Amino acid sequence: MVDDDPSVGKALRRLLTVLGYHVELFGSAAHFMSAIITLDAVCLIVDIDLGDSSGLDLARRLAADGVEFPIIFMTGCQGDRIHAECLDFGCAA
């Protein structure tokens with residue numbers, strides 16, 4: 001999971017762990033990218049607004065590198081521009 005808000009990351013990690021999932025938490029796209037080689041991820045949950053970068057930019061970088069797994073995007077900052085960008089990327093609403 002990639003989220004720049006530690007409280008959101010910790011809360012979602014607790015919830016998903018209770019549901020039986022193993023969760024790795026990363027505070028930035030750069031931190032995630034530096035660890036991706038050692039990860040055995042089956043799904044990525046990523047905040048769309050990561051402060052200094054975008055979750056969509058991270059997904060584009062992964063796709064360009066040939067890394068493929070399902071991605072769940074989340075945001076606390078919904079707006080028409082973000083919604084349109086997500087739909088253009090191929091997200092389901």
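## Contacts of F32

Contact here means heavy atoms within 4.5 Å. In this predicted model, F32 has contacts with V2, F26, L39, L44, L58, L62 and F69, leaving aside residues up to four places away in sequence. F32 is buried, because its relative accessibility is 2% and the cut-off for buried is under 20%.

## Nonpolar core

The largest nonpolar core has 20 residues. F32 is among the members that touch the most other members, together with V2, L44, V46, L58, L62 and F73. At least two residues of this core come from each of α2 (29-35), β1 (44-47), α3 (55-64) and α4 (80-89).

In soluble globular proteins, nonpolar side chains tend to be buried together.

## Aromatic pair

The model has 1 aromatic pair. F26 and F32 form an edge-to-face pair, because their ring planes stand at 80° and the edge-to-face class takes angles over 60 degrees. The ring centres of F26 and F32 are 5.4 Å apart.

F26, like F32, counts as buried: the relative accessibility is 6% for F26 and 2% for F32.

## Nonpolar surface patch

L15, L19 and Y21 make a nonpolar surface patch of about 350 Å².

L19 has a relative accessible area of 56%, and exposed means over 50%, so L19 is classed as exposed. F32, in contrast, is buried at 2% relative accessibility.

Methods. Residues are numbered from 1 along each chain as its sequence is written. This is a predicted model: local features need pLDDT of at least 70, side-chain atom pairs count only at pLDDT 80 or more; totals for chains, interfaces and linings use all residues. Side-chain values use heavy atoms; hydrogens and water are left out. A nonpolar core is a set of buried Ala, Val, Leu, Ile, Met, Phe, Trp, Tyr and Cys residues joined through side-chain atoms within 4.5 Å. Buried means under 20% relative accessible area, exposed over 50%, partly exposed in between (1.4 Å probe, protein chains only). Helices (H or I, at least four residues) and strands (E, at least two) are DSSP runs, numbered from the N terminus. Patches are made of residues with over 30% relative accessible area and no salt bridge: like charges are joined within 9 Å, nonpolar side chains (Val, Leu, Ile, Met, Phe, Trp, Tyr) within 5 Å. Accessible areas come from the Shrake-Rupley method with a 1.4 Å probe; for residues, only the protein chains shown count as cover. A salt bridge is a side-chain nitrogen of Lys or Arg within 4 Å of a carboxyl oxygen of Asp or Glu. Rings of Phe, Tyr and Trp (its six-membered ring) pair if their centres lie within 6.5 Å; planes under 30 degrees apart count as stacked, over 60 as edge-to-face and the rest as tilted.
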